[in-house]
Amino acid sequence: MRIDVLTLFPRMLDGFLSESMLGRACEAKLLEITVRNVRDWATDKHRTTDDRPFGGGAGMVMKCEPVVAAIEAVQTPGCRRIYLTPDGVPFTSAKAEELSKQQHLVLLSGHYEGIDQRIRDTVIDEEISIGDYVLTNGTLAAAVLIDALARFIPGVLGEEKSLTHESFTSKLLDFPQYTRPAEYRGMSVPEVLLSGNHTEIDKWRTAQQEEKTRQVRPDLLK
Ligand SMILES: C[S@@+](CC[C@H](N)C(=O)[O-])C[C@H]1O[C@@H](n2cnc3c(N)ncnc32)[C@H](O)[C@@H]1O
């Protein structure tokens, strides 16, 4: 899968793309991610990418010319062009899985007050928010999207099984996990997990998932 990230802060993704599972996925060419600086498509002497908003108001708005030129330079037929924005559709695990099946994504990160509406109207296919809060720019939002969708690409996790019990896969949150030692500072691992009885372990885990979901995210049970 190919992903182009368009941002004014390409270096924000340096560590993210070279570490851990994502680093290995990129090395193995399961993912081909290119981070591009929108400023490279600015044509004036000062490489301007933003200007004051028409109608007044605080802050600056990213300009059409460099952003549209950047998108047009990297897009391919059938690719999905996504703008990360707090007023987009909330990102979910189901959306991550859907996007993981695409051949090519173009992810646009905004900055300042956002981007000129005409960019959204003409060269953006979808708008996604990673949560009800406002970041200073969309680069980390693009990273969140990439990280979540990468887990659905065969080979990225190594052990495909590890996806099956995750939070949200079954509309339930995950069950509690324990590892050695069996006793730590007077706290013991629940007996059932040491029993070797997998039917009982599954039953216990499902009960824990239901209880946790009821307490923390009752909306998922509706
Ligand atoms: C300061 S924000 C702009 C906020 C915009 N004026 C608003 O109120 O909706 C700058 C950029 O950060 C990114 N961003 C901020 N919060 C985000 C979120 N929750 N999800 C996705 N992208 C976000 C977007 O790319 C946005 O263009």
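Which helix does Ser20 lie in? Select residues 20-27 of this predicted model: that stretch is helix 2, and Ser20 lies in it. Display the backbone torsions there; Ser20 has a positive phi of about 55°, although it is not a glycine. For context, most residues other than glycine have a negative phi, and most peptide bonds are trans.

Next, move to Lys29, in the loop between helix 2 and strand 2. Lys29 is not a glycine either, yet its phi is positive, at about 65°. Is Lys29 buried or exposed? Its relative accessible area is 57%, and the cut-off for exposed is over 50%, so Lys29 counts as exposed.

Select its 5 strands, which form an open sheet in the order 2-1-6-5-7 with parallel pairing. Which strands stand at the edges? They are strand 2 (32-37) and strand 7 (126-129). Each has a single partner strand, so one side of each is left without a neighbour in the sheet. Looking across the sheet, neighbouring strands are turned by 30° against each other on average, direction ignored.

To locate one of the bridges, pick Ile3 and then Ile33 in strand 2, its bridge partner. In general, strands of a sheet pair through backbone hydrogen bonds, either parallel or antiparallel.

Finish at Pro181, in the loop between helix 6 (139-150) and strand 8 (183-184). Select Arg180 together with Pro181 and check omega: the peptide bond from Arg180 to Pro181 is cis, with omega near 5°.

Definitions and conventions:
Residues are numbered from 1 along each chain as its sequence is written. This is a predicted model: local features need pLDDT of at least 70, side-chain atom pairs count only at pLDDT 80 or more; totals for chains, interfaces and linings use all residues. Side-chain values use heavy atoms; hydrogens and water are left out. Two strands pair if DSSP finds at least two bridges between them. Helices (H or I, at least four residues) and strands (E, at least two) are DSSP runs, numbered from the N terminus. Axes are lines fitted to C-alpha atoms, for helices over the stretch in contact, and angles run from 0 to 180 degrees between N-to-C directions. Buried means under 20% relative accessible area, exposed over 50%, partly exposed in between (1.4 Å probe, protein chains only).
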